Amino acid sequence: MSGVRAQQKQKTRQALIEAAFNQLSAEHSFSNLSLREVAREAGIAPTSFYRHFKDMNELGLTLVDEAGLTLRQLMRQARRRIASGGSVIDTSVQTFMEFIETSSNQFRLLLRERSGTSPAFRAAVAREIKHFILELAHYLESETKVDAHHAYMQAEAMVTLVFSSGAEALDQDQQQRAELTARLIWQLRYIAKGAAGYQKNHS
């Protein structure tokens with residue numbers, strides 16, 4: 001019986017997370033959400049919210065974790081697609097742009113809270129971006145045989161550029177986004193080429 005209760009509790013917690021993400025938009029940031037609205041969309045009484053989260057801040061931090069995890073999982077899938085044949089940069093950029101298209105609210109949350117007013121939220125987003133950079137750095141280190149320090153710097157430059165382009169892509173139409181994607185692929189190739197050249201000249 002306790003197993004069923006735990007399952008139900010997890011299901012309701014996930015419903016609250018999804019309800020909060022659904023209410024985010026270009027015009028509606030996390031700070032505009034009310035506990036009552038989120039609980040209503042999740043199909044529970046507002047008082048039941050506190051069985052799952054201490055307050056809205058705890059829910060917000062969970063959303064940041066979920067958004068970061070979703071993005072990292074997608075990029076891991078992209079690397080598996082690359083392993084079976086395909087361009088590293090092309091596949092990674094296409095996967096990232098798919099994330100922005102299908103999970104725009106999650107990406108908006110990461111962008112907004114990265115420079116928001118809450119130190120806890122800023123730290124949480126910085127942590128997610130650091131995870132993202134580290135995973136890419138480890139991949140670059142193993143695939144290009146570059147040392148850890150230079151792999152991290154290359155990964156950091158790439159992630160900074162990708163996030164900046166992602167912010168631009170959010171409000172673009174399909175044609176503009178396709179042009180931005182093509183530009184981004186070339187810009188990342190320049191970074192990769194420069195890193196490879198540097199490695200060659202200093203090895």
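Which residues are buried in helix 8? In this predicted model, the buried positions of helix 8 are R177, L180, T181, L184, I185 and L188. An α-helix has 3.6 residues a turn, so residues three or four places apart point the same way.

Helix 8 covers residues 174–201. Its length was checked against its residue count. At 1.5 Å a residue, the 28 residues of helix 8 should span 40 Å. The end C-alpha atoms of helix 8 are 41 Å apart, so the two values agree.

The protein chain as a whole contains eight helices and zero strands. From the N terminus on, the order of elements is α-α-α-α-α-α-α-α. The C-alpha trace spans about 65 × 40 × 35 Å along its principal axes. The chain has 203 residues, of which 40% count as buried. Among contacts with a separation of 6 or more, 62% come from residues 24 or more positions apart.

The surface was examined next. The protein chain exposes about 11400 Å². Carbon and sulfur atoms supply 52% of that area. The chain carries 25 positive and 22 negative charges.

One annotated span comes from a sequence record. UniProt, in an unreviewed entry, lists residues 11–71 as "domain: HTH tetR-type". In the model, residues 11–71 are 61% helix and 0% strand. The end C-alpha atoms of this span lie 22 Å apart.

Terms used:
Residues are numbered from 1 along each chain as its sequence is written. This is a predicted model: local features need pLDDT of at least 70, side-chain atom pairs count only at pLDDT 80 or more; totals for chains, interfaces and linings use all residues. Side-chain values use heavy atoms; hydrogens and water are left out. Helices (H or I, at least four residues) and strands (E, at least two) are DSSP runs, numbered from the N terminus. Buried means under 20% relative accessible area, exposed over 50%, partly exposed in between (1.4 Å probe, protein chains only). Contact means heavy atoms within 4.5 Å. Accessible areas come from the Shrake-Rupley method with a 1.4 Å probe; for residues, only the protein chains shown count as cover. Lys and Arg count as positive and Asp and Glu as negative; His and the chain ends are not counted. The place of a charge is taken as NZ of Lys, CZ of Arg, CG of Asp or CD of Glu. UniProt positions are given in the numbering used here, feature names are shortened, and annotations may be inferred rather than shown by experiment. The expected span of a helix is 1.5 Å times one less than its number of residues.
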